[in-house]
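Reader: I am new to this structure and would like to learn how to read it. Please take me through a few features.

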Amino acid sequence: MTNNQLAALAEHYAKTLMTTWSAESRVDYAFGFEDTSPEMTAADILEEHTALMDEALNLRDQTIAMAGCVDVIRDDGAHVMIPTSKLSASDIDTAMVCLAAQFRALRAEAHKVIHTFAGLNRIKEHAVKEAAQ
């Protein structure tokens, strides 16, 4: 798969899958609130695809454990879930890009949880200081 094809596929995923997942983990807003969160972009997916490919190289020759199915987008734009035992070679690239999109979304959500926890901790510390005064 060429870089242009990968970018086009990532753009397609960014427009059709998980676009409501936030990427607000990039910024710690302290106590502020944002009305809207930035949506996942093709660049986010490509970045995660690179990270996953690098990690996959580190796992070469190790035991493979996979989920029972993967998401793919067919040429006609249909989004389907396929058991890994029935996956065709032509679906592998789209499945990998979809996994990269899912990984990006999960990582953003995990960072949002961490930042929220840290924010709550700051609020708690502030409340304790206020009560002490």
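Reader: How do the residues of the lining of the largest pocket divide into nonpolar, polar and charged?

Author: Keep in mind that this is a predicted model. A lining is read by sorting its residues into classes. Here the lining of the largest pocket has 17 nonpolar, five polar and three charged residues.

Reader: How much space lies in the largest pocket, and which residues are the closest to its centre?

Author: The space in the largest pocket is about 860 Å³. There are 25 lining residues, and Ala56, Ile64, Ala65, Met66 and Leu99 are the closest to the centre.

Reader: Which element gives the most to the lining of the largest pocket?

Author: Helix α2 gives the most, six residues. At least two residues of the lining come from each of α2 (42-58), β1 (69-73) and α3.

Reader: Now the helices. At what angle do α2 and α3 pack?

Author: A packing of two helices is read from the angle between their axes and the distance between them. For α2 and α3 the angle is about 105 degrees and the axes are 8 Å apart. Angles of 65 to 115 degrees count as roughly perpendicular, so α2 and α3 are roughly perpendicular to each other. On the α2 side, the contact is made by Asp44, Ile45, Glu47, Glu48, His49, Leu52 and Met53. On the α3 side, the residues are Met96, Val97, Leu99, Ala100, Ala101, Phe103, Arg104 and Arg107. By class, this contact of α2 with α3 has nine nonpolar, one polar and five charged residues.

Reader: At what angle do α1 and α2 cross, and which residues make the contact?

Author: The axes of α1 and α2 cross at roughly 120 degrees and come within 8 Å. That angle makes α1 oblique to α2. The crossing of α1 and α2 is right-handed. From α1, the contact uses Leu6, Ala7, Ala10, Glu11, Tyr13 and Ala14, and from α2, Ala42, Ile45, Leu46 and His49. Eight nonpolar, one polar and one charged residues make up the contact of α1 with α2.

Reader: That leaves α1 and α3. Is their crossing left-handed or right-handed?

Author: The α1 and α3 crossing is right-handed. The axes of α1 (residues 3-16) and α3 (residues 92-132) come within 10 Å, crossing at roughly 55 degrees. These two helices, α1 and α3, are therefore oblique to each other. Leu6, Leu9, Ala10 and Tyr13 of α1 make the contact with Asp93, Thr94, Ala95, Val97 and Cys98 of α3.

Reader: How many residues of the contact of α1 with α3 are nonpolar?

Author: Seven are nonpolar, with one polar and one charged residue besides.

Methods. Residues numbered from 1 in each chain as written. Predicted model: local features only at pLDDT ≥ 70, side-chain atom pairs only at ≥ 80, totals over all residues. Heavy atoms only, no water. Axes fitted to C-alpha atoms, helices over the stretch in contact; angles between N-to-C directions. Helix = DSSP H or I, 4+ residues; strand = E, 2+ residues; numbered from the N terminus. Parallel < 35°, antiparallel > 145°, perpendicular 65-115°, else oblique. Left-handed = near helix turned anticlockwise from the far one by under 90°. Contact = heavy atoms within 4.5 Å. Nonpolar A, V, L, I, M, F, W, Y, C, P; charged D, E, K, R; others polar. 1 Å grid on protein atoms, 1.4 Å probe; cavity = no way out; pocket = protein on both sides within 12 Å on 5 of 7 lines; lining within 4 Å. Points joined across faces, edges and corners; volume = space filled by probe spheres on them.
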